[in-house]
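Hi everyone, thanks for coming. I'd like to walk you through one model today, so please have a look at it while I talk.

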Amino acid sequence: MARWSKSDWKRFWLHLPVGFVGAWFTWEMPVAGVMFTVYFLAYEVLNDWKKDDKSYKDVIGAVAGYGILTGIAIVFGWFR
């Protein structure tokens with residue numbers, strides 16, 4: 001696996017809150033959560049297609065944010 005540069009880590013941390021928002025939408029309004037996630041992934045695919053900037057790094061950040069917030073919610077029992 002290739003090492004991530006400082007720029008790659010910045011992109012990761014920039015997209016982490018996107019995952020938090022996606023997770024929150026999924027719990028509060030499931031349809032909006034699915035739409036948000038699909039639109040985000042479509043945006044990243046189109047962005048990578050146009051720029052070829054390895055957008056998978058952005059998606060990894062968002063997925064990590066989604067997973068972190070989901071894990072915290074499970075541990076603290078925030079589900080209704």
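I'll go from the overall layout to the helix packing, and then to the aromatic rings.

A word on the basis first: this is a predicted model, where local features need pLDDT of at least 70, side-chain atom pairs count only at pLDDT 80 or more, and totals for chains, interfaces and linings use all residues. Residues are numbered from 1 along each chain as its sequence is written, and side-chain values use heavy atoms, with hydrogens and water left out.

So, the layout. The protein has three helices and zero strands; helices here are DSSP runs of H or I with at least four residues, strands are E runs of at least two, and both are numbered from the N terminus. Read from the N terminus, the order is α-α-α. Along the principal axes, the C-alpha atoms fill a box of roughly 40 × 25 × 20 Å. Of the 80 residues, 28% count as buried, meaning under 20% relative accessible area, while exposed is over 50% and partly exposed lies in between, with a 1.4 Å probe and protein chains only. Taking contacts between residues at least 6 apart in sequence, 62% join residues at least 24 apart, where contact means heavy atoms within 4.5 Å.

Axes are lines fitted to C-alpha atoms, for helices over the stretch in contact, and angles run from 0 to 180 degrees between N-to-C directions. By class, the contact of H1 with H2 has seven nonpolar, four polar and two charged residues. Nonpolar covers Ala, Val, Leu, Ile, Met, Phe, Trp, Tyr, Cys and Pro, charged covers Asp, Glu, Lys and Arg, and the others, Gly among them, are polar.

Next, H2 (residues 30-51) and H3 (residues 56-76): their axes come within 9 Å and cross at roughly 160°. H2 and H3 are therefore roughly antiparallel to each other. Phe40, Leu41 and Glu44 of H2 meet Asp58, Val59 and Ala62 of H3, and this contact has four nonpolar, no polar and two charged residues.

What about H1 and H3? H1, residues 6-28, packs against H3 at about 45°, with the axes 6 Å apart. That makes H1 oblique to H3. This contact divides into 14 nonpolar, seven polar and four charged residues.

Finally, the rings. How many aromatic pairs are there? The count comes to seven, where rings of Phe, Tyr and Trp (its six-membered ring) pair if their centres lie within 6.5 Å, with planes under 30 degrees apart stacked, over 60 edge-to-face and the rest tilted. Trp4 and Trp9 have ring centres 5.1 Å apart and planes at 55°, so the pair is tilted. Trp9 is partly exposed, with a relative accessible area of 41%. Phe76 and Trp78 have centres 5.7 Å apart and planes at 20°, so that pair is stacked. Phe76 and Trp78 are both exposed. Ring pairs also link Trp4, Trp9, Phe12 and Trp13 into a cluster.

Terms used:
Parallel < 35°, antiparallel > 145°, perpendicular 65-115°, else oblique.
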